[in-house]
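Hi,

Here is the structure for you to look through. My notes follow below it.

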Amino acid sequence: MNDIDRACAAFRTLLTEQQARVAGMTAERVDYTKKATVTIGLVDGDGIVPIIMEQAVRVLEALLADEIARGSIALRRICGLTIENRLACNQAVPDDVLDEILACDVLLNGQTTTPMGGGLESANVKLRRALDLYANVRPVTIPEQGIDWTFFRENTEGAYTLGSCGFETEDGISVDFTITTTDGTQRIAELAYDFARKNHKTRVSIVTKANIIKATDGKFLKLCQAVGEKYPEITTDDWYIDIMTAKLVDKKRRTDFQVFVLPNLYGDIITDEAAEFQGGVGTAGSANTGSQYAMFEAVHGTAPRLIADGEGDYANPASILKAAELLLRLVHGEENGEKDRIMIEPELVEG
């Protein structure tokens, strides 16, 4: 079998897997406020994560003390997602760890190390796919600058979902794949517009590179625009990813933006840029939500240099606390006031 035949066979397998994934998408979302018991999995990761996670656990134990005592909330520590164990098992997420995760309702998840180049897939990407966490929601709020942004990043498609499925021919041609589906795009767009309506936002901005990446980005743009037509009170506009990165640093224009919806890779890049306005990725948390599960995490990585320099204890827990806040809002409903409690009770996070 020559290179082209092997590439076609690999592509056929990939498309078959994606068709099965689309067929398995579930539409109805869990209402966590109606569950008798919500199990929150606390997943330690690598580097500074166990250090900052302890602060988040202290906050959750304090804020949820009554519910834990009643049995309506259960906290469950999950180990085994370290780089050492993942390498030993040669799995992005070891099977026994995944079983523990699937037994939970929501996760406060620590960041993990992803080896560069070949080898293990990102544990986060694996979890997002395994739990069908199709929406990555990242808020950035700086009232004194007039910034109040919420990014809805599609989380299970694009280049990320197939980033480990590329192909290289013997004569040195490498190909990677990206994917956009109708169902996958419609559900992230509906979530973004529904959020905008419920929170009295007046503008949703669609971000792609549809003028160049016509099949996938073009499809994403058209489908989001079609969803936007169902929300006539909301203004829809669209931007190319390159000019949007410029407009976010334009003081005259950036306060115009409110809600963004965008494919996976662009969402990863631009939300890191956005986080810089509020102090860097070390201050940013994110929600990864699906129909049956939700996972909350810091936006930053594992900060191996801090550990190598013996300064891990100085790691700022702001990002994981932001993720904990988002978790509380989902579990209790959006109007639960937990944000204010975290902000005005600093003794919960001070040693």
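**What I found**

In helix α13, the buried residues are Ser319, Ile320, Leu321, Lys322, Ala323, Ala324, Glu325, Leu326, Leu327, Leu328 and Val331. Keep in mind that this is a predicted model. Buried here means under 20% relative accessible area. With 11 of its 15 residues buried, α13 is largely enclosed by the rest of the structure. The helix covers residues 318-332. From first C-alpha to last, α13 reaches 21 Å, close to the 21 Å expected at 1.5 Å a residue. Just after α13 comes Gly333, with a positive phi of about 100 degrees.

Next, a helix pair. Helix α8 (residues 182-198) packs with helix α9 (residues 216-228) at an angle of about 45 degrees. Their axes are 9 Å apart. The two helices are therefore oblique to each other. Their crossing is right-handed. On the α8 side, the contact is made by Thr182, Thr185, Gln186, Ile188, Ala189, Glu190 and Tyr193. On the α9 side, Lys219, Phe220, Leu223, Cys224, Val227 and Gly228 make the contact. By class, this contact has seven nonpolar, four polar and two charged residues.

Most residues other than glycine have a negative phi. Asn90 is not a glycine, yet has a positive phi of about 55 degrees. Asn90 lies in the loop between α4 and α5. Asn90 counts as exposed, at 62% relative accessibility. Ala303 is not a glycine either, and has a positive phi of about 50 degrees. Ala303 sits in the loop between β12 and α12. Ala303 is partly exposed, with a relative accessible area of 26%.

Best wishes

Methods:
Residues are numbered from 1 along each chain as its sequence is written. This is a predicted model: local features need pLDDT of at least 70, side-chain atom pairs count only at pLDDT 80 or more; totals for chains, interfaces and linings use all residues. Side-chain values use heavy atoms; hydrogens and water are left out. Axes are lines fitted to C-alpha atoms, for helices over the stretch in contact, and angles run from 0 to 180 degrees between N-to-C directions. Helices (H or I, at least four residues) and strands (E, at least two) are DSSP runs, numbered from the N terminus. Angles under 35 degrees count as roughly parallel, over 145 as roughly antiparallel, 65 to 115 as roughly perpendicular and the rest as oblique. A crossing is left-handed if the near helix is turned anticlockwise from the far one by less than a right angle, and right-handed if clockwise. Contact means heavy atoms within 4.5 Å. Ala, Val, Leu, Ile, Met, Phe, Trp, Tyr, Cys and Pro count as nonpolar, Asp, Glu, Lys and Arg as charged, and the others, Gly among them, as polar. The expected span of a helix is 1.5 Å times one less than its number of residues. Buried means under 20% relative accessible area, exposed over 50%, partly exposed in between (1.4 Å probe, protein chains only).
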